[in-house]
Amino acid sequence: MNLRDWGWDDDWAAAFAPHAADGLQPARVIRQDRGACEIQMETVARSAEPTGRFRYAVDAGETDVPAVGDWTAVDPRPTCDRAGIAAVLPRRTCLARQDAGRATRAQVLAANVDVAFLVGALDAGRGFSLARLERALALVRAGGAEAVAVLNKADLCDDVAARLREAQSAVPDVPVAAVSAIEGWGVDDLRPWLAGGRTGVLLGPSGVGKSALVNALLGEARQDVGAVRESDARGRHTTTRRELFRLPSGGLLIDTAGLREFQPWDAAGDLDSVFPEVAELAAQCRFRDCRHEGEPGCAVQAALGDGRLDFRRFEHYLRLMREQTYQAQKRDLGAQLAEKTRWKQIAKLQKEFLKGREK
Ligand SMILES: Nc1nc2c(ncn2[C@@H]2O[C@H](COP(=O)(O)OP(=O)(O)O)[C@@H](O)[C@H]2O)c(=O)[nH]1
Ligand SMILES: [Mg+2]
Ligand SMILES: [Zn+2]
C-alpha cells in the first residue's frame, strides 16, 4: 500500500515537509464514526485521536477537528492503541454545513474532495427535490468542489428524460446523470470524475441509494444497503458515519450517512453561482442593496413580470437567501455571547484578585 493510492501527491508532500522534521508521519482520515476516527498511514490503517496539544488548539478555535478526507501529521505512538493526530494539513476543499447541535459552528462533512455527487432518487417518493439539489450545490460551491447531480433509482421511473430535464434546469451548469445502482446501469458514467486518483463524496438524504452506489462502483458489497438508522438513547438517529473507499478503477469515494439537515455553511457568496440568472438581473437593479421586493427600478421584479425569470427559481433563491441571513445573525449572536462570557470571567478574576489583596 502506498499513500499515493489514497490521493497523496507532491503538493501534499510539500505541505507536510515541516512536520516531517518533528518526526511525524503523513496519514489520511479514512473513517469517522462519532468521536472515533481511522487513518491510513503509509503501510497500515490505525485508530487515531487528536493529541492533547492539538485538542487544545481545537478548543481554542485555532483549528478544526480532523474530518474524513483530511491529510494529517501523525505521531504513530506504536505502543498505544491509537495514533495521535498532531496537525491537519491546510484543506484544498472543505464541505461544511451548519452544525445541528451548535448553531454557531460549522460541521465539516468531508475535506479535500474534488467532486461531490448530489444524489437523489427517482422513486416517486421524496428522494427527488429540485430545491434540495440547489441547496446542496450551494454547499458544494462554497466548499470549492465540483458537483455532479446523480438521479438514482432510474429503474423505478417512467419518464427519466423529463426528470433529467427538470434537474438540468435547476442546476444548469452541472452535469446530470441518471443511474440505477441496483441494476448497475449508468454507474460507469460516474467513474471519469474520479479518474487520476481524485476524491469524490456522495451527498444526499437517507435512502436515495448512496451506499448502493458505493457498492456498485466498488464492484462488491462493502456497505450496508438499506441499513436501519442507528439511534442514540433518546431515539434520535445520529448516524454520522463517513467512510472513504478506494475504488478498483482508481479514485476514492466517501460515503456519508444520515444527513438530515443540509444547511450550507456560509454559502452566501455562492448563491450567485447557483442562480446565475438572478445574479445577473440583480446587478441591473437601480439600488445596489435591492431586496427585489417591489423597490423602484428592480430588474428582478421586471423579469418576473414578463416571464424572463422563472418564478420557482426566484422563490428558491429567496428562501436560501433568508436562511443564510438568519444563520449569519445567529452566528453574530453567538459571538456576542462568547464575548460577554469572556468579560464576565475577567470581571470575576479581577474581583478574586482584589479580594486576595485585601487579606
Ligand atoms: N430500485 C432501486 N432501488 C435502489 C437503488 N439504489 C438503492 N436502492 C434501494 O434503496 C434503499 C436505500 O439504499 P441505500 O444505499 O441504503 O441508501 P443510502 O441511505 O442513501 O445509503 C435500499 O433498499 C436499496 O436497495 C436503485 O438504483 N434502484
Ligand atoms: Mg447508506
Ligand atoms: Zn431588485
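What pLDDT does the chain average, and what percentage of the residues score at least 70?

Modeller: The chain averages a pLDDT of 84, and 81% of the residues score at least 70; pLDDT is the predictor's confidence in each residue, from 0 to 100. This is a predicted model, in which local features need pLDDT of at least 70 and side-chain atom pairs count only at pLDDT 80 or more, while totals for chains, interfaces and linings use all residues. Residues are numbered from 1 along each chain as its sequence is written, and chains are lettered from A and ligands numbered from 1 in the order in which they are written. One stretch calls for caution: over residues 230–238 pLDDT stays under 50.

The chain has nine helices and 13 strands; these are DSSP runs, numbered from the N terminus, with helices being H or I of at least four residues and strands E of at least two. Of its 359 residues, 37% count as buried, a term that requires 20 or more other C-beta atoms, placed from the backbone, within 10 Å of the residue's own.

Eight of the nine residues of α5 are buried, so the helix is largely enclosed by the rest of the structure. The buried residues are K210, S211, A212, L213, V214, N215, A216 and L217. They pack against the strands β8 (115–121), β9 (146–152), β11 (199–203), β12 (242–246) and β13 (252–256). Just after the helix, G219 takes a positive phi of about 75°.

In β9 lies N152, which is buried because 31 other C-beta atoms lie within 10 Å. Leaving aside neighbours within four places in sequence, N152 is in contact with residues including V119, G209 and L213; contact means that the two C-beta atoms, placed from the backbone, lie within 7 Å. The C-alpha atoms of N152 and V119 are separated by 6.8 Å, although the two are 33 residues apart along the chain.

Strand β13 is likewise largely enclosed by the rest of the structure, because four of its five residues are buried. β13 pairs with β11 in the parallel sense over four bridges, and T199 stands opposite L252 in β13; strands pair if DSSP finds at least two bridges between them. Five bridges join β13 to β12, and these two run antiparallel, with D255 in β13 as the bridge partner of E243. β12 and β13 form a hairpin with five residues between them, where G250 in the turn has a positive phi of about 90°.

How values were computed:
A residue is buried if 20 or more other C-beta atoms lie within 10 Å of its own, exposed if 12 or fewer, and partly exposed in between; C-beta atoms are placed from the backbone.
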